[in-house]
Amino acid sequence: MSLKKIEQTKKDRWFRIFDLIIYGVIIISVAVLFIVMFTTQDKSKLTGVKILLKSETVFEYEFGKEYRKLSDKVEVKEEGVSLTVTVRDGDNFNEVYIDTANKTVRMSEANCRGKHCMYFAPMSDNSDFISCSPHGVKIEPLFRDLDNPIIPFG
């Protein structure tokens, strides 16, 4: 590198105005996306739940109505104001506790490694979900609108 190039590099600014504009646009875009994602979640009360096994719906329940067992891999026990749903796939099982009085759902037992699914917070609104990755079990709200994940203000 010649001495002329070195002198020119020393005189140049670290950031040019165009660089600062690009960085500003990126920071503002990230902030707007953050605000939109966290202020437009559907926090309405949970009205029902569905359980999926490897992306296939195997159980549906709408609070105050009858449950629908859609697979022979599901066992349901009714105990007063609660349902215990057991999903079996070979040697794997997940036990889901549905409190019909408080309208909450939680994973109560599983034989997966790590048992991370049991530490999810109980579902109580339509923005919650529970997932057991090793077994391919997912619990989500019954009436989640996947076509319109962002709800308008109002």
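## Strands 2 and 3

Let's start with a pairing: strand 2 and strand 3 (residues 67–69) run antiparallel and are joined by 3 bridges. Keep in mind that this is a predicted model. Across this pairing, Phe59 sits opposite Lys69 in strand 3.

The two strands make a hairpin, with 4 residues between them. Look in the turn for Gly64, which has a positive phi of about 85 degrees.

## Strands 1 and 2

Strand 2 (residues 56–62) also pairs with strand 1 (residues 48–53); these two run antiparallel as well, with 6 bridges between them. Here Ile51 is the residue that stands opposite Phe59 in strand 2.

## The nonpolar core

Which residues have the most contacts inside the largest nonpolar core? They are Ile51, Phe59, Ile98, Val105 and Ile139, in a core of 24 residues. At least two residues of this core come from each of strand 1, strand 2, strand 5 (82–89), strand 6 (92–99), strand 7 (104–110), strand 8 (130–132) and strand 9.

Ile51 is worth a click. Setting aside neighbours within four places in sequence, Ile51 is in contact with Glu56, Thr57, Val58, Phe59, Val85, Val87, Val96, Val137, Lys138 and Ile139.

Leu142 lies in the segment after strand 9 (137–141). Is Leu142 buried or exposed? Leu142 counts as buried because its relative accessibility is 15%, and the cut-off for buried is under 20%.

What is Leu142 in contact with? Beyond its neighbours within four places in sequence, the list is Gly48, Val49, Lys50, Glu60, Tyr61 and Glu62. Take Lys50: 92 residues separate Leu142 and Lys50 along the chain, yet their C-alpha atoms are 5.2 Å apart.

Ile17, Phe18, Leu20, Ile21, Ile22, Tyr23, Val25, Ile26 and Val30 make a nonpolar surface patch of about 900 Å².

Val30, one of the patch residues, lies in helix 2 (residues 17–39). Why does Val30 count as exposed? Its relative accessibility is 53%, and exposed means over 50%.

Definitions and conventions. Residues numbered from 1 in each chain as written. Predicted model: local features only at pLDDT ≥ 70, side-chain atom pairs only at ≥ 80, totals over all residues. Heavy atoms only, no water. Patch = residues over 30% accessible without salt bridge, like charges linked within 9 Å, V, L, I, M, F, W, Y side chains within 5 Å. Areas by Shrake-Rupley, 256 points an atom, 1.4 Å probe, with all protein chains shown as cover. Salt bridge = Lys/Arg side-chain N within 4 Å of Asp/Glu carboxyl O. Buried < 20%, exposed > 50% of the residue type's maximum accessible area, 1.4 Å probe, protein only. Pairing = 2+ DSSP bridges. Contact = heavy atoms within 4.5 Å. Core = buried A, V, L, I, M, F, W, Y, C linked by side-chain atoms within 4.5 Å.
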